[in-house]
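Visitor: I'd like to learn how to read a structure feature by feature. Could you walk me through this one?

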Amino acid sequence: MNWLQKIMTPRAHTQGANAGKGKVPEGVWEKCAGCGSVLYKPELERNLMVCPKCSHHHGIRARTRLLALLDEGSTQELWPSMEATDPLKFRDSKKYRDRIVASQKSSGEKDALVAMGGRLKGRPLVATAFEFGFVGGSMGSVGGEKFARAGERALAEKSALVCFAASGGMRMQEGLFSLMQMAKTSAVLARMRDAGVPYISVLTNPSTGGVSASMGMLGDINIGEPKALIGFAGPRVIEQTVRETLPEGFQRSEFLLEHGAIDMIVDRREMRDKLADLLNLLEKAPRAA
Amino acid sequence: MNPNFLEFEQPIAELEAKIEELRHTSHGQALNIDEEVGRLREKLKLKTNDIFRNLSPWQVAQMSRHPARPYTLDYIGVMCEEFHELAGDRMYADDGAIVGGLGRINGRPVMIVGHQKARDTKGKLRRNFGMPRPEGYRKALRLMKMAERFGLPVLTLIDTMGAYPGIGAEERGQSEAIARNLLEMADLRTPIICTVIGEGGSGGALAIGVGDRTNMLQYSTYSVITPEGCATILWRSAERAKDAAEALGLTAPRLLELGLIDKVIREPLGGAHRNPRSMAIRLKAVLMNQLDELAALPVDALLEQRYQRLRRYGAFQE
């Protein structure tokens, strides 16, 4: 190492790390991935991870989202201890079992779908949200089972169901078990449709693969968060297949709205009010006995 | 190397070529070589048996997309006394990657829907290598809803690498088209029997794969992702597809053991392509049996059974 390198390397290294992760040291400050503004983290969290300057929607934890949606003090987590097994004894560079344990540690969740019962402005509601931090929000048997039970609970209680998708798709490590969760969850949604129980799907960044191709697109109402990536195939796979550059804004919420795939785009800060208003109109008035 | 034979089938190709050669020579000369041909035939049978006794999951994956493997229309041709193909989704286009129509099997009217691949370049383009776009799934749904109205059972034949990942497909709602079929098939008031005849590639396969029975031909595969795709993501190299195929548990006997499918239909010695006709006749027999079972159920009981069947899928603890 010569004298120039000695001087340059540490600084270049620090800059590189910052540019790559978009992070500012200290932990109290967060750099906005949209406009680059340095934001005070507690304030960003109070704002549901939406940048107060440019309205960029950062990822938000599933649990935080559900607690922010439901009436304070009304929430009860459903099936909190459900965990994945490893039916295929799957192993790539890592054992699936170890991946699960590592994800549980880093995310604090048991698996990628969190379900809660509670009230939304007084009306009973079953709500589910994907935790993207848990193996990419992938849906395996646990996600499928929790969603199916959530739907069945909504059916039994005649309360509405809301799901926030944030997922790369189905969990590969559970093989065909995962794929069949698409059929299972859709079957429950078919029963809800027949019974007239409302289901609203909120698609957040990102919602791709099997999650988008089952419960994600089956809402009576489909809502996108601003600029969320939503699609079946991921953009990289499409680029490799068609061998052309994808158009600007391709597979973003605004693109889906224009092509008729979603009903509306709603800012996260207005989500609670919007969902309450919509459900007010959809939920049938109790019939006179 | 004969391109119509997979690498592990080459000894079969060589023996067959030898037999052909001998028979050819015997036409010209008066030599009696029947004995030699008979000996070679016996050897061919033993060799084939030997090769196919223990195929690895990766070899099965190659079998499932064998260039000579029979496709949906090949099976329809043998199974049906008559078949009338119906085209179009009534919204946008007719997708060649999915075919469907009204047919008659053993005198019984049925609706058949299946993925369609092709063997020549022109056909492959027309069929888009068996990878459907949303209009394919919407055509399938239109035909299935028609079957429901007229009380016809639905038979689906699954053979796709996956739904097509293209710009237009995304613009027209690939996710929605697949999701819609899953929901509608769970609820369709007529029997549905699904059979994987080749590749069962993820959501693109499942979109015509929800029903009352799931069969797989012996050397077909059914998986959440292709071995290549899985290897690229988890091993960061498509070269590791062999390992991915092992890990994914995508073969018919394994999936039967895991309780994810209902029946494995045995293939002729050396695979379906060695005797497509006998394969089609076997498939027809299985389908007819299952139709008899399902037809005996009142529709409400059928739907309840279907729901419970779908509802049971999964492996978890709490």
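**Reading the sheets**

Guide: Let's start with chain A, where seven strands make an open sheet in the order E3-E5-E6-E7-E8-E9-E10, with mixed pairing. Its edge strands are E3 (76–78) and E10 (264–265) of chain A, each of which pairs on one side only. Keep in mind that this is a predicted model.

Visitor: What holds strands of a sheet together, in general?

Guide: Backbone hydrogen bonds do the pairing, and the strands may be parallel or antiparallel. For a case here, take E3(A) and strand E5 (residues 113–120) of chain A: they pair in the antiparallel sense over three bridges. Within that pairing, Gln76(A) stands opposite Gly117(A) in E5(A).

Visitor: Over in chain B, which strands does E2(B) pair with, and over how many bridges?

Guide: One partner is strand E1 (residues 82–85) of chain B, antiparallel to E2(B) over four bridges. Another is strand E3 (residues 108–115) of chain B, also antiparallel, joined to E2(B) by eight bridges. You can follow Leu102(B) across: it is the bridge partner of His84(B), and its own bridge partner in E3(B) is Met111(B).

Visitor: Is strand E2 of chain B mostly covered or mostly open?

Guide: Mostly covered: of the eight residues in E2(B), which spans 98–105, six are buried.

Visitor: Which other residues have a positive phi without being a glycine?

Guide: Lys227(A) is one of them, with phi at about 60°. You'll find Lys227(A) in the loop between strand E9 (221–224) and helix H8 (235–242) of chain A, and at 59% relative accessibility it counts as exposed. Phe129(B) is another, with a positive phi of about 55°. Phe129(B) sits in the loop between helices H5 (121–126) and H6 (134–149) of chain B, and it is partly exposed, with a relative accessible area of 42%.

Visitor: And where is there a cis peptide bond?

Guide: Check the link between Asn205(A) and Pro206(A), where omega is about -10°. Pro206(A) belongs to strand E8 (residues 199–207) of chain A.

**Rings and charges**

Visitor: How many aromatic pairs are there over all chains?

Guide: The count comes to six. Among them is the tilted pair of Trp29(A) and Tyr40(A), 5.4 Å centre to centre with 55° between the planes. Trp29(A) lies in strand E1 (residues 29–31) and Tyr40(A) in strand E2 (residues 38–40) of chain A, so this pair ties together parts that are eleven residues apart in sequence.

Visitor: Which arginines lie over the face of a ring?

Guide: Arg191(A) lies over the face of Tyr307(B), at 3.6 Å from the ring centre, and here the two residues belong to chains A and B. Arg133(B) does likewise over Tyr164(B), at 4.8 Å from the ring centre.

**Cysteines and the overall picture**

Visitor: How many disulfides does a search of the whole structure find?

Guide: Zero, over all chains. For Cys54(A), the nearest cysteine sulfur is that of Cys32(A), 3.6 Å away, and Cys54(A) is in no disulfide; the cut-off is 2.5 Å. Cys54(A) is partly exposed, at 34% relative accessibility. Cys80(B) is in no disulfide either, with the sulfur of Cys194(B) the nearest at 16 Å. Cys80(B) is buried, at a relative accessible area of 11%.

Visitor: Stepping back, what makes up chain A?

Guide: Ten helices and ten strands. Of its 289 residues, 53% are buried. Chain A exposes about 13,200 Å², with carbon and sulfur atoms supplying 52% of that.

Key:
Residues are numbered from 1 along each chain as its sequence is written. Chains are lettered from A and ligands numbered from 1 in the order in which they are written. This is a predicted model: local features need pLDDT of at least 70, side-chain atom pairs count only at pLDDT 80 or more; totals for chains, interfaces and linings use all residues. Side-chain values use heavy atoms; hydrogens and water are left out. Buried means under 20% relative accessible area, exposed over 50%, partly exposed in between (1.4 Å probe, protein chains only). Helices (H or I, at least four residues) and strands (E, at least two) are DSSP runs, numbered from the N terminus. Two strands pair if DSSP finds at least two bridges between them. Rings of Phe, Tyr and Trp (its six-membered ring) pair if their centres lie within 6.5 Å; planes under 30 degrees apart count as stacked, over 60 as edge-to-face and the rest as tilted. A charge sits over a ring if NZ of Lys or CZ of Arg is within 6 Å of the ring centre and within 35 degrees of the ring normal. Accessible areas come from the Shrake-Rupley method with a 1.4 Å probe; for residues, only the protein chains shown count as cover.
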